[in-house]
Amino acid sequence: MGENSSVNLPPGFRFYPTDEELVVHFLQRKAALLPCHPDVIPDLELYPHDPWELDGKALGEGNQWYFYSRRTQNRITGNGYWKPMGIEEDVINSRSKKVGMKKYLVFYIGEGPAAIKTNWIMQEYRLSKSDSSSTKSSKRRGHSKVDYSKWVVCRVYERNCSEDEDDGDGDDDDDGTQLSCLDEVFLSLDDMDEISLPFN
């Protein structure tokens, strides 16, 4: 797990939840103001933060970061913005019932037409309409005037360059150590004797 003083898992435990677990075990309980055990996913206002700044702020596991945030249309950060990819998928539970939605976004550096698409991907999970309306009873108890049905849980990761050419056989290493495009370029340059790069 990444260095993060606010979220701790016991030694030997790893955090690799399925889509259903993120929605049913974590997001539904968060929206209903119910305790979640273990309470490891932090609240984070995503949009002031660039994706490479999440380490130490969000729950990190391998090359993925998890956090709760409020649903918002403002997805602009200090150096770029998150753009929806136009892909939304239903999250289905083990009883074949729709429990939520998963939306894909990609991070762009810069503004407007000159912005550069990166390999940073965000999966934003939200409750389905029927589940978000069930949280109204929690609000009637006087816990808060905040509309907790607007919470989302996010998974952010940097996609490996070779994923675009993935043959779909699922043989990728599962240890969470993927190289970014720049890492692959620098590693290929190491083999060239005439080029020396300063490494800290």
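Visitor: Is D90 buried, partly exposed or exposed?
Guide: This is a predicted model, and in it D90 has a relative accessibility of 45%, so D90 counts as partly exposed.

Visitor: What does D90 form with K98?
Guide: D90 and K98 form a salt bridge, in which the closest N and O atoms are 3.6 Å apart. K98 is also partly exposed, at a relative accessible area of 36%.

Visitor: Why can such side chains pair?
Guide: Side chains that carry opposite charge can pair when their charged atoms come close.

Visitor: How many salt bridges are there by this rule?
Guide: The count comes to seven. One of them joins K102 to D19, with 2.8 Å between the closest N and O atoms. K102 belongs to strand β4, residues 98-109, and D19 to helix α1, residues 19-31, so this pair ties together parts that lie 83 residues apart in sequence.

Visitor: Let us change topic. How many helices and strands does the chain have?
Guide: The chain contains four helices and six strands. Along the sequence they follow the pattern α-β-β-β-β-β-α-α-β-α.

Visitor: In what order do the strands stand in the sheet?
Guide: The six strands make an open sheet in the order β1-β2-β6-β5-β4-β3, and their pairing is antiparallel. β1 (59-61) and β3 are at the edges with a single partner strand each, so one side of each is left without a neighbour in the sheet. On average, neighbouring strands of this sheet are turned by 25° against each other, direction ignored.

Visitor: Which helix packs on the sheet, and what does it touch?
Guide: Helix α1 packs on the sheet and touches β2 (64-70), β3, β4, β5 and β6 (151-158). The direction of α1 makes about 60° with that of β5.

Visitor: What holds strands of a sheet together, in general?
Guide: Strands of a sheet pair through backbone hydrogen bonds, in either a parallel or an antiparallel arrangement.

Visitor: How many bridges join β4 to β5?
Guide: Nine bridges join β4 to β5, and the two strands run antiparallel. L105 stands opposite M122 in β5, and K103 stands opposite E124 in β5.

Visitor: What do β4 and β5 form together?
Guide: They form a hairpin, with six residues between the two strands. In the turn, G110 has a positive phi of about 100°.

Visitor: How many bridges does β5 share with β6?
Guide: β5 and β6 pair over six bridges, in the antiparallel sense. M122 stands opposite V156 in β6.

Visitor: Why is β5 described as largely enclosed?
Guide: Ten of the twelve residues of β5 are buried, so β5 is largely enclosed by the rest of the structure. I116 is in strand β5 too, but I116 is exposed, with a relative accessible area of 55%.

Visitor: Which residues make a nonpolar surface patch with I116?
Guide: W52 and I109 make it together with I116, and the patch covers about 290 Å².

Visitor: Finally, what can be said of the chain as a whole?
Guide: The chain has 200 residues, of which 40% count as buried. Its accessible surface comes to about 12000 Å², and 49% of that belongs to carbon and sulfur atoms. Among contacts between residues at least 6 apart in sequence, 63% join residues at least 24 apart.

Key:
Residues are numbered from 1 along each chain as its sequence is written. This is a predicted model: local features need pLDDT of at least 70, side-chain atom pairs count only at pLDDT 80 or more; totals for chains, interfaces and linings use all residues. Side-chain values use heavy atoms; hydrogens and water are left out. Buried means under 20% relative accessible area, exposed over 50%, partly exposed in between (1.4 Å probe, protein chains only). Contact means heavy atoms within 4.5 Å. Accessible areas come from the Shrake-Rupley method with a 1.4 Å probe; for residues, only the protein chains shown count as cover. A salt bridge is a side-chain nitrogen of Lys or Arg within 4 Å of a carboxyl oxygen of Asp or Glu. Two strands pair if DSSP finds at least two bridges between them. Axes are lines fitted to C-alpha atoms, for helices over the stretch in contact, and angles run from 0 to 180 degrees between N-to-C directions. Patches are made of residues with over 30% relative accessible area and no salt bridge: like charges are joined within 9 Å, nonpolar side chains (Val, Leu, Ile, Met, Phe, Trp, Tyr) within 5 Å.
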